[in-house]
Structures are given as structure tokens and as C-alpha cells.
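Welcome! Take a look at it first, then read on.

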Amino acid sequence: MKRNLKKAVIASVVLSLTVALTACGSNEDQASADSKKIELLNVSYDPTRELYESYNKAFAAYWKEKTGQEVTIKQSHGGSGKQSRSVIDGLNADVVTLALGYDIDAIQEAGLINEGWQSKYEHNSSPYTSTILLLVRKGNPKGIKDWDDLIKDGVEVITPNPQTSGGARWNYLAAWEYAMHHNNGDEEQTKEFMRKLFANVPVLDTGARGATTTFVERGIGDVLIAWENEAMLSMKELGQDKFDIVYPSESILAEPPVAVVDDNVDKRGTRDAAEAYLQYLYSEEGQTIAAENYYRPTLESVKEKYKDKFKDIKLYTIDEEFGGWAKAQKEHFSDGGIFDQIYTPGK
Amino acid sequence: MKAAAVPNRGILPGFGLTLGITIFYLSLVVLIPISALLFNSTGLTWGKFAEVATDPRVIASYKVSFLTAGAAALVDAVLGLLLAWVLVRYDFPGKNIFDSLVDLPFALPTAVAGVALTSIYAKTGWMGSWLAQLGIEVAFTPLGIIIALMFIGIPFVVRTLQPVLQELEADVEEAAATLGSGRVRTFFSVILPQLAPPLVTGFALAFARGIGEYGSVVFISGNMPLKTEIAPLLIMSKLERFDYAGATAVAIILLLISFLLLLGTNLLQRWMRRNAG
């Protein structure tokens, strides 16, 4: 008995030493920028999984040809806010590619990203854009054509909770901005519009993928407010015979931004590769991959090529309509903000 | 008799050492993380704390959390007693399989349980469509939360009752029967008093688990503010918006109420044990 115990103790000590040693070893590898192999971690949000799977391959090939260095890119996906928090808490991301500028601002405030990140790359550091549109069941049985159809009696709307989901914040703001324009900028009437809209929501999922599942797999609801890329992906995965995409008369220009995590790349010596990784998203090849994965390209030549795929509708930016993310976040989604007021009892 | 002559020496060495290790581990895995929660410097002021504590949406979420967890634990206490009874007292083919099935909710990732329960109980699911015809909606209502929590909590009740039931000798019941007690009287005055303490323990464990449960509930509850939004979801929602102070405040209140409730059930259980003896 005693001997067994001794053996077990020795074994576990040896094991933990080996683990510790190998961990040190791999750290050293990463630290030397000159080595032939390099590893990048891209921390992103949920619906970009497929996009970055193809992009990473393309970038690795490009980088190898340009510098002779072999780069492997690891991906991490999850809710945008959650991902941002992991980076703040010490996840060693080299680059972040998140759903909202607000989530990157939070990392900047923690001191990991230098100020002015949003002007570092073109188009507010958003290499690709997207928008919010409506997905309905085949044949559009409820005749939904625009945002104001969502507040009609008997229409069930599926959207995640804007307080837990970055994507849902875009959904909410798109509907808000439409209501503002159609109520001559009257805020009270717009609030009433939003109250009616959310009274038609039977389930508030915590994330965009959850809402897609509720609508697509569980068959709940008449209309799903969704990212353009999620809607197109659902169509492709589940067949064209089940759903129709409805383009509202206007929507919001979603600009998912990218940034290098300055603090981490300086420590790990990966700055060159990380910066090139984001810059290459703007290249012809990067833009084509984005378009193939249902994100709207920003490069004119690629835009032209895919103009049939992405229907032209009037898109407003968050800066012109809401005065930027920080302001929109505070007014609408903070405690006691407008979203909370929509649910205040007695109103 | 001889055992009494031996000084009170356990198998493990020295009281000091074992107590030291106990406190060390308890601190490492329970006390330090929880006090870190209490004292973390996220700018949680009394004002902020009071504001969060009196927010109608937060209060509603506590009601949802505690009421559904309580209801689920009560149902589990009754069903768990029945289950444990059958598993201990009767022999039937496949008994071992049933016995292992009881533990499955422990092992299953709660999110998987939530997704599975939702697809069964949603209006389009096979149980849900049937219940909907009777006018009962399960998914996206408090009833759905209760079902998810029943699933999560049942093993706690069964596993606390089983060993006690095994100890209960059948001859006590036989004696009661020969003295003229009917089945009902035997159950209520002979068996139930002895089972009450473990039953309360099982209830308390299932209840505590239900209060903190997140994964299985977010899928089936619908997460409607003021109606089916649970307190743990509000904590997540505040964290998602980088409101660490608010999240800490909700967590502290949750922790306090849970601690008081568990302390209460523990005292009740001790009192019953003393009175049962």
C-alpha cells in the first residue's frame, strides 16, 4: 500500500515536471520571432468561424511565399463580449476580429490595445461589412416586407437579447433607426414601436446562433432578425426550399472591426505577422474569401464582382445615426437604458 | 468493549494535520474564490449595490430562480423517494441499468440537457405538441425551467436517500404491521420520520443546485425579462456588458440568500435528526 502511494507520488511529480518543462519549451519557441515557425491566435465571434477557416489557409500560403516563415493560425470563437473579456483576462490573442467596436474599446481601456486602433486600417478597421435583414419561412405566409410588419399582432419575431449578444445589438439598432425615420424622429413613438416589437418576441436567446437554432431547427416564430451572413448560411445549409430572405427598405451597416492586440504581439514577437494578417484581409484574395462567406466586401473591384449576391439597400452607419458605439451602448443597453425601459412593468 | 480502551486514534494521522489539510483545501477551492468575489475591486459601492438590489428586473429574476428551484426540488423530493424506494426494495431485471441512469444528469453537460429538453418540450417537439393540445405550454415558461431543474436535481435526492433506505430494516415495518398498523400509518409514523433528515438534505442539495443552474435553463426558459429570466443569466448579461460591479452585486445577493436558505435547512435537518432519535 505504502509503496504504491510512493510510486504514485513520484509519478505525479515527474509528470508535472515534464508538463512544466514542455510548457516552458513551447513558450521559448513562440518568443523567438526569427524562428521558421510562428503561431497566431485570432480571437473572433461566433459567425466568422467558416470565414476564417478559409482565410487562414490563404494567409498562411501568402505569408510563406512572402517571408518563408510558416504560420499556423489558431481560432477562438464565441459571443463577442465574452471573447473580449477573455482577452482582457489574459487570453493571449494576437489579433481580435469582433462583432462591435465597443468590444475592442473595452480591450483598449484595459491597456492591451493602443489608442487609435480604429483608424489603423481602412474603413474604420472593418475589412468587410454586413447588415441585418429578415429571414422568413418559405412563401412568406405572414407577408412580411419591412420592419413595420414585425409589430403586427400575431407575428412572432425571433431575435436574441441585445444585452447578451453583440449581433442582437445590431438587430435592435436597425429596427430603432427605421422607426426613428418613420416617426419623424419622435423618440417616444419609436420606443412604442420597439415595445411592440419586443412584445412579439417569444424567446430571447443569449446569442445569434441560439436564435438561428430556435427559428430554423425548432420551427418557432415567423421571422428571424439576422446577420446577412447568418441568413445566407442558413439558406445554404438547409436548402433554399425552407426559407426566404426579405430585404427591408433600410437597415444598418454593421462594421465588424479588427485590431492587433499590441501588448500581446510585442511580448510574443509576432507583430509583423499579426499586422500583415489583418492587412491581407483588404487584399483581392482576402476580400474574395469574405464575399464567398457572405460578408460584404469593401474593395471596389470585388464589390463589383459580387454585386448580384449582395442586394443594394439603404444602409445607415452607427456613427451617423447613434453617434458611435459608446453612446449607443450607454443609451440603449446599459442598466436602466431604453431596452430595460421597454420591459419596465406597467408601461 | 475493547475498542473503547484504545485512545481515540483515527486511521489518518494527527488531528492537527488533517484539519490543516482540510482548511487548506477548503480555502483553496471554496473560500478564496468566494471571498475574491466579495472583495473584488470592481467599484462596487453601497449605492451601486442598493441600486442593483432594488431593480425590479433583478428582483423578478430572484423570484423566478428561487421559486422554480424550490418547486423542482419539492417534486424531486417526492419522486426521488419513490425512485430510491423502488431501487432499494425491489428486484427487477435491468435494475443496475436503472440505478446507473439516475447518475446520468451528473455527467451530462447541462447545456446538452437544456437543448434536448427544449427540443422535446417546444411546441413543435413530440412531448410539447402533445401537451400544447391540452393547453399546457412548457418550453419558454416557468414550467420549462422547473422541468430542467428537476432533471438536474433528481440524482441528489435519490443518492442521499438510498443508503439510509438500505439501512432501514424491513423488520421494523413487519413489527409495526404485527402490532396492527396499516400501511399508511406504518409509512407516516415509522418510516417517514427516519427518512426525513436525508430527505431534507436531498431537497437542500437539489434546491441549491437549481438556484445556480445556468446551462440547461437558458435554452428552455426563453429568457424573457421579468417573466422567465433567471438570476444567473442576469449575472452573465451584466458581465457581457462589462458591468462587473453590477454582476458582483447580483452574485453577492444570490449567494447570501442561498447561504441563509441552506443554513436554515441544515438546522432543520439537525433538529429533526435529534427528534427522530
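Predicted model: local features only at pLDDT ≥ 70, side-chain atom pairs only at ≥ 80, totals over all residues.

- Where they meet, 11 residues of domain 1 of chain A are in contact with 13 residues of domain 2 of chain A.
- About 960 Å² is buried between domain 1 and domain 2 of chain A, with 63% of it on carbon and sulfur atoms.
- Three residues, Pro47(A), Leu100(A) and Tyr102(A), supply 51% of the area that domain 1 of chain A buries against domain 2, more than any other three residues.
- The rule finds 1 salt bridge across this domain interface of chain A.
- Arg209(A) forms a salt bridge with Glu50(A), and their closest N and O atoms are 3.9 Å apart.
- On the side of domain 1 of chain A that touches domain 2, α2 (49-67) and α4 (101-109) of chain A are the elements that give two or more residues.
- That side of domain 1 of chain A is made up of 6 nonpolar, 2 polar and 3 charged residues.

**Annotated regions of chain B**

- An unreviewed UniProt entry lists several spans of chain B as "transmembrane region", among them 187-208 and 244-264.
- Residues 187-208 of chain B are 100% helix, and the end C-alpha atoms of this span lie 28 Å apart.
- Residues 244-264 of chain B are likewise 100% helix, with end C-alpha atoms 30 Å apart.

**Where chain B meets chain A**

- Here 27 residues of chain B are in contact with 32 residues of chain A.
- Glu240(B), Arg241(B) and Phe242(B) supply 31% of what chain B buries against chain A, more than any other three residues.
- The rule finds 4 salt bridges across the interface of chain B and chain A.
- Arg57(B) forms a salt bridge with Asp340(A), with the closest N and O atoms 2.3 Å apart.
- There are also 9 residue pairs in polar contact between chain B and chain A.
- α12(B) gives the most to the side of chain B that touches chain A, with 6 residues.
- The residues on that side of chain B divide into 13 nonpolar, 6 polar and 8 charged.

Key
Residues numbered from 1 in each chain as written. Chains lettered and ligands numbered in written order. Heavy atoms only, no water. Contact = heavy atoms within 4.5 Å. Buried area = accessible area lost by both parts, 1.4 Å probe. Salt bridge = Lys/Arg side-chain N within 4 Å of Asp/Glu carboxyl O. Helix = DSSP H or I, 4+ residues; strand = E, 2+ residues; numbered from the N terminus. Nonpolar A, V, L, I, M, F, W, Y, C, P; charged D, E, K, R; others polar. UniProt positions renumbered as here; feature names shortened; annotations may be inferred. Polar contact = N/O pair within 3.5 Å; in protein donor to acceptor, adjacent residues only side chain to side chain.
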